[in-house]
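Trainee: I would like to learn how to read a helical model. Could we go through it step by step?

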Amino acid sequence: MKGLKAYQQINTQTSITDADPHRLIQLLYNGALERINMAKARMQAKDFEGKGKLIIKAIEIIGGLRNFLDFEKGGELSARLEGLYDYMERTLFEANAKNDIAKLDEVASLLHAVKEGWDGIRNEVVAQAQAV
């Protein structure tokens, strides 16, 4: 088990090091979704300390996504995403305080929707980067 964790950590570090900015955002979405799913499992197992740590990590990741917003280039879309990220963070705090699985599911659903859109523009982003 210890060897597997070490491998996963190295694999994650390599992915981050080799990632372009678009891919980094994808990794953040994946990380937030993973933490929410793990928090849900911890909540169901009545491991409230573990659940809390995972939810806090998901909130931190969403904060990281917020930091990537470019209001100059993104305009109204960036403003809307900022509002959505704020809502997600508040909803996760509430889920943590009330042990509310439905709130975790709601945030996961919102993250999936945004991630699908982000994933959908991957080929266009890569093509633009290669054209430069």
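Trainee: At what angle do H2 and H3 pack, and how far apart are their axes?

Mentor: First, a caution about the source. This is a predicted model, where local features need pLDDT of at least 70, side-chain atom pairs count only at pLDDT 80 or more, and totals for chains, interfaces and linings use all residues. Residues are numbered from 1 along each chain as its sequence is written, and side-chain values use heavy atoms, with hydrogens and water left out.

Mentor: Now the general idea. Axes are lines fitted to C-alpha atoms, for helices over the stretch in contact, and angles run from 0 to 180 degrees between N-to-C directions. Helices (H or I, at least four residues) and strands (E, at least two) are DSSP runs, numbered from the N terminus. Here, H2 and H3 pack at about 160°, and their axes are 8 Å apart. That makes H2 roughly antiparallel to H3. The cut-offs: under 35 degrees is roughly parallel, over 145 roughly antiparallel, 65 to 115 roughly perpendicular, and the rest oblique.

Trainee: Which hand does the crossing of H2 and H3 have?

Mentor: A crossing is left-handed if the near helix is turned anticlockwise from the far one by less than a right angle, and right-handed if clockwise. H2 passes H3 in a left-handed crossing.

Trainee: Which residues of H2 and H3 meet?

Mentor: Contact means heavy atoms within 4.5 Å. From H2, the residues include Leu28, Ala32, Arg35 and Ile36. From H3, they include Leu54, Ala58, Ile61 and Ile62. By class, the contact of H2 with H3 has 15 nonpolar, three polar and four charged residues. Ala, Val, Leu, Ile, Met, Phe, Trp, Tyr, Cys and Pro count as nonpolar, Asp, Glu, Lys and Arg as charged, and the others, Gly among them, as polar.

Trainee: How do H2 and H5 cross?

Mentor: H2 covers residues 21-44 and H5 covers residues 101-120. Their axes come within 10 Å and cross at roughly 160°. H2 and H5 are therefore roughly antiparallel to each other. Their crossing is left-handed. Among the residues that meet are Ile25, Tyr29, Leu33 and Ile36 in H2, with Leu104, Ala108, Leu111 and Lys115 in H5. By class, this contact of H2 with H5 has 14 nonpolar, five polar and four charged residues.

Trainee: Is Ala32 buried or exposed?

Mentor: Buried means under 20% relative accessible area, exposed over 50%, and partly exposed in between (1.4 Å probe, protein chains only). Ala32, in helix H2, is buried, with a relative accessible area of 0%. Leaving out residues up to four places away in sequence, Ala32 touches Ala58, Ile61, Ile62 and Leu111. The C-alpha atoms of Ala32 and Ile59 are separated by 7.7 Å, with the two residues 27 apart along the chain.

Trainee: What does Ile36 touch?

Mentor: Ile36 also sits in H2. Not counting residues up to four places away in sequence, Ile36 touches Ala58, Leu92, Leu104, Val107, Ala108 and Leu111. Ile36 is buried, at 2% relative accessible area. Its C-alpha atom lies 6.4 Å from that of Leu104, 68 residues apart along the chain.

Trainee: Is the charged residue Lys115 buried or exposed?

Mentor: Lys115 belongs to helix H5. Lys115 is buried, with a relative accessible area of 14%. Beyond its neighbours within four places in sequence, Lys115 is in contact with Gln26, Tyr29, Asn30 and Leu33.

Trainee: Where does phi take a positive value in a residue other than glycine?

Mentor: Most residues other than glycine have a negative phi. Lys46 has a phi near 65°. Lys46 lies in the loop between H2 and H3 and is exposed, with a relative accessible area of 60%. Asn99 has a positive phi of about 50°. Asn99 lies in the loop between H4 and H5 and is partly exposed, at 32%.

Trainee: How many helices and strands does the protein have?

Mentor: The protein has six helices and zero strands. Buried residues make up 30% of its 132 residues. Of the contacts with a separation of 6 or more, 62% join residues 24 or more positions apart.
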